[in-house]
Amino acid sequence: MHSFRISSEYINDGFQAVQAKPEDTEGVMSLLLETAEWLQSQGSSQWSALLEGEDSHDTAGAIRRGDVFVFKKGEDVAGMIILMVQPSPWDIQLWGSKAHAEDGAVYLHRLAIRRKYAQSGLGGSILQWASSGIQFEGKHTVRLDCGANNTTLNAFYARNGYTFLGETDGYSTYEKLVELLG
């Protein structure tokens, strides 16, 4: 487990931010599958491997490691993100020599919102929370990536204060400095 402090326990009209527990696994997986199905209905192949039962992020393992954070409305998992304090092999491939154990970055993956909460601003609030509502010891930057050809997602990250750093192998890379807590 890693050392962190949540300073904003509630965001966006009563969504509670908590570290996912093993008993949240089913709700998290159902959210990811719902999101993958929605993406497919929009003509995107993003996350389509989930529909074939492949989970490149080993979400259940990520929950056990403490990397998954959920945003709950009551017992309902309304949204989620994976925040990794060590870069994954994918991050190292994408970020190159910038990604290493002492790089001061948290790697954000798998931001997902349950469809019934879409258009509520929850996604933007979760992105903001990742840089201002939680503080990891020794971390000063949040990094993320997305498909370079996904103009909607690229605009979303830029609109939420993430700085576009470039493109690698068809993926846009973004980062944002963490707002240090008092």
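Beyond residues up to four places away in sequence, I81 touches D67, V68, F69, F71, L108, H109, R110, L111, I126, W129 and A130. The model described here is predicted. A second, separate core of 23 residues includes L32, I63, M84 and A105.

The largest nonpolar core has 29 residues. Within this core, I81, L83, L108, W129 and Y162 touch the most other members. Several elements give two or more residues to the core. The strands on this list are β3 (15–19), β4 (68–73), β5 (76–84), β6 (105–113), β7 (134–136) and β8 (141–147). The helices on the list are α4 (122–132) and α5 (151–159). Helix α4 gives the most, with five residues.

Strand β3 also takes part in pairing on two sides of the sequence order, with β2 and with β4. Strand β2 covers residues 10–11. Two bridges join β2 to β3, and the two strands run antiparallel. I11 has F15 in β3 as its bridge partner. Three residues lie between the strands of this hairpin. There, N12 takes a positive phi near 50°. Four bridges join β3 to β4, again in an antiparallel arrangement. A17 stands opposite F71 in β4. F71 is also one of the residues that I81 touches.

Two glutamates were then examined. E175 is found in strand β10, which spans residues 171–177. Is E175 buried or exposed? E175 counts as buried because its relative accessible area is 19%, and buried means under 20%. The side chain of E175 makes a polar contact with the side chain of R143, at 2.9 Å. Neighbours within four places in sequence aside, E175 is in contact with W95, K98, T141, V142, R143, Y162, T163 and L165. Among these contacts, Y162 belongs to the largest nonpolar core.

E102 lies in the loop between α3 (89–95) and β6. E102 has a relative accessible area of 70%. This residue is therefore exposed, as the cut-off for that class is over 50%. Which residue lies 9.0 Å from E102, C-alpha to C-alpha? That residue is K139. In sequence, E102 and K139 are 37 residues apart.

Note on methods: Residues are numbered from 1 along each chain as its sequence is written. This is a predicted model: local features need pLDDT of at least 70, side-chain atom pairs count only at pLDDT 80 or more; totals for chains, interfaces and linings use all residues. Side-chain values use heavy atoms; hydrogens and water are left out. Buried means under 20% relative accessible area, exposed over 50%, partly exposed in between (1.4 Å probe, protein chains only). A polar contact is a pair of N or O atoms within 3.5 Å; within protein, one must be able to donate a hydrogen and the other to accept it, and residues adjacent in sequence count only if both atoms are side-chain atoms. Contact means heavy atoms within 4.5 Å. A nonpolar core is a set of buried Ala, Val, Leu, Ile, Met, Phe, Trp, Tyr and Cys residues joined through side-chain atoms within 4.5 Å. Two strands pair if DSSP finds at least two bridges between them.
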